[in-house]
Amino acid sequence: MSENLARAEDCERLDLDGLYRESAVAQTIGALDSDLVGLAPVKRRVREIAALLLVEKLRRSIGLQAVAPPLHMSFTGNPGTGKTTVAMRMASILHGLGYVRKGHLVVVTRDDLVGQFIGHTAPKTKEVLKRAMGGVLLIDEAYYLHRPENERDYGQEAIEILLQVMENQRDDLVVIFAGYKDRIDKFFASNPGMASRVTHHIEFPDYTAPELLVIAELMLQQMQYCLSDTARAALEEYIERRMTQPNFANARSVRNALDRARLRQANRLFEARARPLSRLALSTIEDADIRASRVFAAAGGSS
Amino acid sequence: MRLTQGAFSFLPDLSDRQITAQIEYCLAQGWAVSIEHTDDPHPRNIYWEMFGPPMFDLCDAAGIMAEVRNCRATFPKQYIKVNAFDATHGWEAMRLSFIVNRPSNEPGFGLAREEGAGRNLRYTNFPYAAGLPHGKRY
């Protein structure tokens, strides 16, 4: 033991920072921080995983024992909280660290894994797994695989094949289970084998109203639109009202609202088509485009 | 006698790492890889049996290697080959095909002579292994 320590001290200084900068991870993590709004616990966890893999890589480079840790994960959170987006980033981070060989993301749901008749499930699941090898497999709404009310449901067969591959071909692919928190928890509770093989549980918090406004502005920027000052205030109010309504899906709802605002803006410009248009008018979303939303009408009607 | 069909058949048997590298090349070209097996060594007697459907949209050779190992475990004494099909317009053909498994003992081919009318002599090859019924060879 003491001999080992002495030898470790003899070693030249190891350049962890160099390794970090050299791998493409620094860039991906930087992009993760700047492109994604909020999600602090998620970002922290991604950074931890990246750190773990970097240290493992460094250990391997100096001949210390380094076993690739199993990295199957579960992403839980409400709809529209960025699970798929982060999964895509995760795939490129894991690729940058050399944990997966290709770094592509395959997104599937129950339909893609479970067959229609006896003997259909196994080849179907295996085909999906083969396609995902070398990358990341994201199983969206994974709990639908398990249907306790139907004993002969083929989902169980898909789960068994998944388990087998997750265990035996650990270095060929990473499986991420995504879905609502309570139902994923129930899914793991009823599949203990699965629960013990999924080592990282990442929870995606809901966005706050200011975060959603920042997201909306980012989205508009990408689509090359801008908001007038009154429209910004209207959007702020819209988000606050929309959050209290049913079926609120975080960033996805915001995206849908913006798409509808674009529709109304196009319609408004079209109706006033006799007048000449400026470049600014063509890319500005006005107050009225947002206030015409059903969200305001419903609130106005009830109060 | 060693059967020489397909690519690399005059070389020593490929190792799994070499097979993986070949498959990686095929996938990088966008070819669809499939696995076939047979116990009839004659190139024109039968079509080889498919081991599962061709594998489309794969990114990594690991999935195909798993199938190769699976096929070897199922048919350890048969010939197994890996094919790569190019679907691009104008090709639409196998671009690469090589044997990845062969029986430990390959008895080879015999030469049969037939004496026809007018002192005609005709020759044909026949695989010794094909003398036994399908499934009992090797």
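Predicted model: local features only at pLDDT ≥ 70, side-chain atom pairs only at ≥ 80, totals over all residues.

Me: What makes the strands of chain B an open sheet, and which ones stand at the edges?

Reply: The open sheet has four strands in the order β2-β1-β3-β4, with antiparallel pairing. β2 (49-50) and β4 each have a single partner strand, so one side of each is left without a neighbour in the sheet.

Me: How do you know that β1(B) and β3(B) pair?

Reply: Strands count as paired if there are at least two bridges between them. β1(B) and β3(B) have seven, in the antiparallel sense, so they pass that cut-off. As for who faces whom, Thr38(B) stands opposite Tyr79(B) in β3(B).

Me: What span would you expect for helix α1 of chain B?

Reply: At 1.5 Å a residue, 18 Å is expected. The helix covers residues 16-28, and its 13 residues reach 18 Å from first C-alpha to last, close to that expectation.

Me: Which residues of α1(B) are buried, and why do you say they line one face?

Reply: Ile19(B), Gln22(B), Ile23(B), Cys26(B) and Leu27(B) are buried. Seen down the axis of α1(B), these buried residues fall within an arc of 140°, so they line one face of the helix. The general rule is that an α-helix has 3.6 residues a turn, so residues three or four places apart point the same way.

Me: What do the buried residues of α1(B) pack against, and what is on the face turned away?

Reply: They pack against β1 (32-38), α2 (62-74), β3 (79-86) and β4 (93-101) of chain B. The face turned away from the buried side carries the exposed residues Arg17(B), Ala21(B) and Ala28(B). Just after the helix, Gly30(B) takes a positive phi of about 85°.

Me: Why is Tyr128(B) called partly exposed?

Reply: Buried needs 20 or more other C-beta atoms within 10 Å, and exposed means 12 or fewer. Tyr128(B) has 14, so it is partly exposed. Tyr128(B) sits in the segment after β6 (121-127). Beyond its neighbours within four places in sequence, Tyr128(B) is in contact with Pro107(B), Gly108(B), Phe109(B) and Gly110(B).

Terms used: Residues numbered from 1 in each chain as written. Chains lettered and ligands numbered in written order. Helix = DSSP H or I, 4+ residues; strand = E, 2+ residues; numbered from the N terminus. Expected span 1.5 Å × (residues − 1). Arc of directions from axis to C-beta. Contact = placed C-beta atoms within 7 Å.
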